[in-house]
Amino acid sequence: QVQLVESGGGLVQAGGSLRLTCAASGAIYKINGMGWYRQAPGNQRELVAMLTSGSGTTYADSVKGRFTISRDNAKNTVYLQMNSLKPEDTAVYYCNADITRSGAWRGMDYWGKGTLVTVSS
C-alpha cells in the first residue's frame, strides 16, 4: 500500500503564508511526479503545482510568483510554500503523486485526503 498524507492547512489572513507538506509512505520503488491540486466549493479540481522526476516544474498561472513547490527525495515528501495568499486561494488542497510500487512495472496515480486552506479577507 502507498499512502499520501497532507498537513499544514489552516486559516490565514490575506497576504499571509502557509506551507503544505505531503509525505508518501509504503512500498515505494520510485516517485515519478508529485504535486498539488486544489478544489474550491462549486469548482472543479485544478492543478496548482507539479514536480516531475526530471525536476521539471509546472505552476498554475494564478499562483506563479507566489507559490513554490519543492521536494525532499530522501523523505519522499513534497512541499508547497504559499505566500501572498488571496481569498481566492481558499480550497481543499490535495497531494497527488505518480508512484511505481516495489515489484510493479509502471506507475499509478495516488491522492491524499486533502487539507483545507482558508484565506480570510
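# Exercises on a predicted all-strand model

At 41% relative accessibility, Ser84 counts as partly exposed, where buried means under 20% relative accessible area, exposed means over 50%, and partly exposed lies in between (1.4 Å probe, protein chains only). The model is predicted, and local features need pLDDT of at least 70, side-chain atom pairs count only at pLDDT 80 or more, while totals for chains, interfaces and linings use all residues. Residues are numbered from 1 along each chain as its sequence is written, and side-chain values use heavy atoms, with hydrogens and water left out.

## Exercise 1: the whole chain

How many helices and strands does the protein chain have?

Solution. 
1. Helices (H or I, at least four residues) and strands (E, at least two) are DSSP runs, numbered from the N terminus.
2. By this count the protein chain has zero helices and 11 strands.
3. For the size, take the radius of gyration over C-alpha atoms and compare it with the globule rule, 2.2 Å times the number of residues to the power 0.38.
4. The radius is 14 Å, close to the 14 Å that the rule gives for 121 residues, so the protein chain is as compact as a globular protein of that length.
5. The C-alpha trace spans about 50 × 25 × 25 Å along its principal axes.
6. Of the 121 residues, 39% are buried.

## Exercise 2: the nonpolar core

Which residues have the most contacts inside the largest nonpolar core?

Solution. 
1. A nonpolar core is a set of buried Ala, Val, Leu, Ile, Met, Phe, Trp, Tyr and Cys residues joined through side-chain atoms within 4.5 Å.
2. The largest such core has 31 residues, and Leu4, Met34, Trp36, Leu80, Met82, Tyr93 and Ile99 have the most contacts inside it.
3. Strands that each supply at least two residues include S1 (2-7), S7 (67-72), S8 (77-82) and S9 (91-101).
4. With five residues, S9 gives the most to this core.
5. As background, nonpolar side chains tend to be buried together in soluble globular proteins.

## Exercise 3: positive phi in loops

Where does Asn76 lie?

Solution. 
1. Asn76 is in the loop between S7 and S8.
2. The hairpin of S7 and S8 has four residues between the strands, and Asn76 takes a positive phi near 50° there.
3. Most residues other than glycine have a negative phi, and most peptide bonds are trans.
4. Asn76 has 25% relative accessibility and therefore counts as partly exposed.
5. Ser84 lies in the loop between S8 and S9, and its phi is also positive, near 50°.

Note on methods:
Two strands pair if DSSP finds at least two bridges between them.
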